[in-house]
Amino acid sequence: STMRKDRIEKTKTVCTYCGVGCSFEVWTRDREILKVQPDPDAPVNGISTCVKGKFGWDFVNSEERLTKPLIRKGDSFQESTWEEALSLIASKFKGIQEEHGPNALGFIASSKCSNEDNYLFQKLARSIFKTNNVDNCSRYCQTPASSGLMRTVGIGGDSGTIQDIASADLVIVVGANPAESHPVLSTRVRRAHKLHGQKLIVADLRKNDLADRADLHLHPKPGSDLVWLSAVTKYIFDQGWEDKNFLENRVNFVEKYKASLEKFTLEYAEEKTGLSKETLIRIAEMIHESKGTCILWAMGVTQHMGGTDTSTAISNLLLVTGNYGKTGAGAYPLRGHNNVQGASDMGTMPNWLPGYEPVEDDAVRARYEKAWQTDLPKVPGLNNHQIVDAIQDGNVKGMYLFGEEMALVDSNINFVQESFEKLDFFVVQDIFFSRTAQFADVVLPAAPSLEKDGTFTNTERRIQRFHKVFEPLGDSKSDWEIIRDLANELGADWKYEHPSEIMDEVASLAPAFAGVSYERLEGWNSQIWPVQENGEGTPILYKERFKFPDGKARLFPVDWTEPHHFGAEYDLHLNNGRSLEQFHEGNMTDRSAGIHHMLPGPWLEVSHELAEERGIETGALVRLVSPYGKVKIRVLVTDRVKGKELYLPMNTRDDEEAVNRLTSSYYDKDTHTPNYKEAQVKMQVLERT
Ligand code: SF4
């Protein structure tokens with residue numbers, strides 16, 4: 001009937017499940033989600049979505065949602081009022097700050113939450129608690145990519161748009177699995193490859209869906225990408241195929257860099273990577289033959305001891321071949337979470353204020369000090385890896401974390417969980433009682449994206465508005481409201497009534513976002529930063545200048561860091577990553593009925609060769625053992641993996657089968673991003689089938 005129809009509401013939102021940033025309308029009746037309806041005007045995805053975006057929303061009505069603040073009483077938690085919880089947090093954090101100094105507090109932000117949530121969070125840490133100990137989960141994934149780009153071209157983000165990737169002549173994917181981690185982007189590449197003659201090279205240990213379709217699937221030895229990338233770059237120089245004009249006019253340190261490539265001969269690369277000379281030459285030829293090359297990469301590159309250097313090698317190769325500043329070319333670190341880009345953009349990092357302006361810069365700090373009317377700390381703070389270490393050492397005593405499942409997704413969770421036990425006071429803010437919340441003293445109930453207003457920034461630096469569909473469940477609140485209320489409990493006078501006011505403040509302070517406003521983000525509109533005051537964005541970076549004082553890019557010599565090995569006893573290489581259906585540990589997707597039934601739990605991918613050698617079949621139960629811990633897991637025998645290489649998806653809420661029971665605390669030397677992808681195990685067979 002019309003009456004029923006009248007009650008259907010349609011609200012635009014932005015997907016929370018990956019950095020592609022699909023937007024669509026959610027059709028609802030009261031609190032019931034009827035469907036997700038994509039729209040041709042959605043700037044990234046048009047009428048496409050993937051299974052997570054389409055079916056992954058029931059969790060908002062889960063019985064398990066947190067609806068009241070919880071305060072620990074001994075081994076259990078009691079419901080409390082907001083007043084009681086906030087006043088307890090204020091007095092405990094003040095006490096720690098007074099007794100042990102501001103740097104005895106740590107602040108972990110959320111790449112799942114909005115730009116506005118994250119901006120206020122770093123403002124709270126810096127202006128109220130006077131510490132730069134604030135970081136977000138890009139430390140676990142993409143900080144090495146950003147650092148490699150900052151060294152060479154000056155901005156830590158995708159240099160063009162997803163549309164540019166689709167229009168490139170050649171796409172090279174290194175250590176990424178877009179078909180499962182960035183599905184709609186992967187669809188664009190597949191279509192360009194199939195219909196428009198785009199060439200595709202995929203370098204990955206695993207024969208993932210894109211690798212299966214690629215013109216070339218490279219399977220280098222684990223952790224050797226820097227070597228083949230550098231050898232291909234050297235070969236391009238040797239053939240005289242470099243873009244001489246581009247190098248001469250737009251790039252510094254060409255000769256120095258060229259000299260640094262001397263050791264990366266085809267013979268050396270063949271030995272270190274296992275790729276044949278012919279293959280390496282073929283890669284160089286394909287780049288040379290293409291009018292534009294895009295390189296996409298993710299955690300197969302970054303989560304290594306040399307993750308920043310390999311990201312740098314990618315950018316070097318793009319510079320040498322003139323593949324920046326034009327359509328259909330450039331660097332694309334694929335951001336995992338929906339707002340990895342935005343959380344970092346908003347300054348939830350120990351060394352950056354919003355818009356990547358250094359905390360050490362007196363002039364920058366002065367601008368914020370004037371606006372915020374307080375002194376700010378000038379020494380860069382601890383990143384989240386260092387915060388965990390500092391807790392163990394007794395130097396960090398209190399921590400405030402929101403929307404981050406560190407107890408499951410950080411590397412070597414045995415160590416991380418042990419650290420959390422040592423905190424004097426720990427506040428966890430989330431929509432569910434997460435594994436991390438089990439270590440908390442106070443748990444605060446937050447609202448998911450469908451229950452709040454805000455903006456997310458996708459992997460292309462595209463800022464998009466999402467709108468409130470439902471009122472927050474129970475007493476839960478938007479993260480920015482909780483952070484505001486806590487600041488006010490501590491004596492601040494923050495008057496924000498709507499996140500648009502927070503974005504106005506960002507725009508007034510951070511030049512990169514000067515022209516961003518909610519008015520300009522109405523409907524399906526979006527803005528790609530840097531955004532000038534007149535609202536004009538920058539879909540393609542570096543058209544005229546690179547982000548250095550003289551406007552020129554910098555070739556940056558790098559050397560190869562051999563991957564870490566746990567020792568000969570651990571004879572199997574353990575790779576890990578995401579699966580299509582689940583998002584991360586699954587706190588949200590696994591509580592959505594439409595998803596849960598598709599993929600009940602993780603499995604271990606084992607090669608046919610290894611299965612035969614160990615006498616096991618699909619369904620076998622094995623125990624994996626590393627120097628750090630063990631997991632018990634069922635086996636799937638598949639030709640996606642080869643030889644002694646295993647693959648275990650990270651998606652589980654059960655920490656007895658979590659891959660991070662097995663990973664170590666070693667990290668990328670430049671950024672402290674854990675080397676998740678450098679793990680080895682031994683395997684014990686418990687049941688053969
Ligand atoms: Fe789009 Fe990513 Fe959401 Fe899938 S998970 S609908 S690709 S934003």
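Predicted model: local features only at pLDDT ≥ 70, side-chain atom pairs only at ≥ 80, totals over all residues.
**Aromatic pair**
- The ring centres of Phe-24 and Trp-57 are 6.2 Å apart, and their planes stand at 80°.
- Planes over 60 degrees apart count as edge-to-face, so Phe-24 and Trp-57 form an edge-to-face pair.
- Phe-24 belongs to strand S2 (residues 23-29). Trp-57 sits in the loop between H2 and strand S4 (70-73).
- The pair therefore ties together parts that are 33 residues apart in sequence.

**Ligand shell**
- Around the ligand are Cys-15, Tyr-17, Cys-18, Gly-21, Cys-22, Cys-50, Lys-52, Gly-53, Pro-183 and Val-184.
- Two elements give two or more residues to this shell: helix H2 (51-55) and helix H8 (183-195).
- By class, the shell has 7 nonpolar, 2 polar and 1 charged residues.

**Packing of H5 and H16**
- Helix H5 (residues 143-152) packs with helix H16 (residues 307-320) at an angle of about 45°. The axes are 7 Å apart.
- That angle makes H5 oblique to H16.
- The two helices, H5 and H16, have a right-handed crossing.
- H5 makes the contact through Pro-144, Ala-145, Ser-147, Gly-148, Leu-149, Arg-151 and Thr-152.
- H16 contributes Gly-307, Thr-308, Asp-309, Ser-311, Thr-312, Ser-315, Asn-316 and Leu-319.
- The contact of H5 with H16 has 4 nonpolar, 9 polar and 2 charged residues.

Terms used. Residues numbered from 1 in each chain as written. Heavy atoms only, no water. Axes fitted to C-alpha atoms, helices over the stretch in contact; angles between N-to-C directions. Helix = DSSP H or I, 4+ residues; strand = E, 2+ residues; numbered from the N terminus. Parallel < 35°, antiparallel > 145°, perpendicular 65-115°, else oblique. Left-handed = near helix turned anticlockwise from the far one by under 90°. Contact = heavy atoms within 4.5 Å. Nonpolar A, V, L, I, M, F, W, Y, C, P; charged D, E, K, R; others polar. Near = heavy atom within 4 Å. Phe/Tyr/Trp six-rings, centres within 6.5 Å; stacked < 30°, edge-to-face > 60°.
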